[in-house]
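The following exercises are to be worked with the sequence and the structure at hand. Each task is followed by a solution in steps.

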Amino acid sequence: AVLLLAAFALIALFYKSDTALRSGAEGKRELLVRSHASTVGPPEAKVHIVAFLDPACEACRAFYPFVKQLMAANPGKIKLTVRHVAFHEGAGFAVQVLEASKKQDKYWPTLERLLASQPRWAINHKVVPELVWAQLDGLGLDPERLQRDMKDPEIGRNMGQDEADAKKLRVQKTPEYFVNGRQMTTFGQEQLRQLVQEEL
């Protein structure tokens with residue numbers, strides 16, 4: 001009888017612990033992925049990378065091609081979701097451009113163009129809006145619609161949501177990566193590769 005009671009107590013403890021863990025994971029998943037966030041890759045991918053990026057951040061620019069290489073090296077196994085945090089001076093303008101580009105289904109080419117051309121519009125870590133416009137030629141964006149959409153209150157709400165979630169997740173620098181909900185403990189390409197490989 002004593003052994004049975006002890007066994008029941010142990011099962012109850014494990015159940016409570018497991019329920020708490022699942023509840024915590026669900027809470028973090030909500031903070032990591034919102035309906036407005038852009039995602040590329042198959043929905044059923046085994047690995048989900050969530051990246052918090054500042055488009056004016058040099059390290060974000062350097063890491064993005066590396067993440068694309070990881071995806072190419074593991075076809076169909078990785079999906080990527082991008083959230084925005086404007087840590088650099090004036091970066092909010094570039095984030096507005098990116099958010100507005102979603103309304104024309106041009107988010108990914110706009111993101112890649114801005115990251116690739118970053119040295120031409122983020123001068124001494126400060127965003128120069130008129131130089132951002134010059135990088136958007138050839139993407140098929142309607143510039144007048146883009147400017148109107150940038151003022152849409154929905155975009156302000158999305159930006160605020162990204163910043164609020166980043167704060168709750170203790171994102172203090174960019175880029176910050178979460179792999180299947182696991183945050184990188186140390187920063188570096190090899191560390192990110194290792195985390196992805198463990199999840200694969």
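Predicted model: local features only at pLDDT ≥ 70, side-chain atom pairs only at ≥ 80, totals over all residues.

**Exercise 1.** Determine the strand order of the open sheet and explain which strands stand at its edges.

*Solution.* Five strands form the open sheet, in the order 1-3-2-6-7, with mixed pairing. Strand 1 (38-40) and strand 7 (182-183) each have a single partner strand, so one side of each lacks a neighbour in the sheet. Within the sheet, strand 2 (residues 47-53) and strand 6 (residues 176-179) run antiparallel and are joined by four bridges. In strand 6, Val 179 is the bridge partner of Ile 49. Helix 4 (residues 107-116) packs on the sheet, where it touches strand 1 and strand 3 (78-84). The direction of helix 4 makes about 70° with that of strand 3.

**Exercise 2.** Is Met 71 buried or exposed?

*Solution.* First, locate the residue: Met 71 lies in helix 2 (residues 58-73). Next, apply the cut-off: buried means under 20% relative accessible area. Met 71 has a relative accessible area of 14% and is therefore buried. Setting aside residues up to four places away in sequence, Met 71 touches Val 40, Ile 78, Lys 79 and Leu 80. The C-alpha atoms of Met 71 and Val 47 are separated by 9.7 Å, the two residues being 24 residues apart along the chain.

Terms used: Residues numbered from 1 in each chain as written. Heavy atoms only, no water. Pairing = 2+ DSSP bridges. Helix = DSSP H or I, 4+ residues; strand = E, 2+ residues; numbered from the N terminus. Contact = heavy atoms within 4.5 Å. Axes fitted to C-alpha atoms, helices over the stretch in contact; angles between N-to-C directions. Buried < 20%, exposed > 50% of the residue type's maximum accessible area, 1.4 Å probe, protein only.
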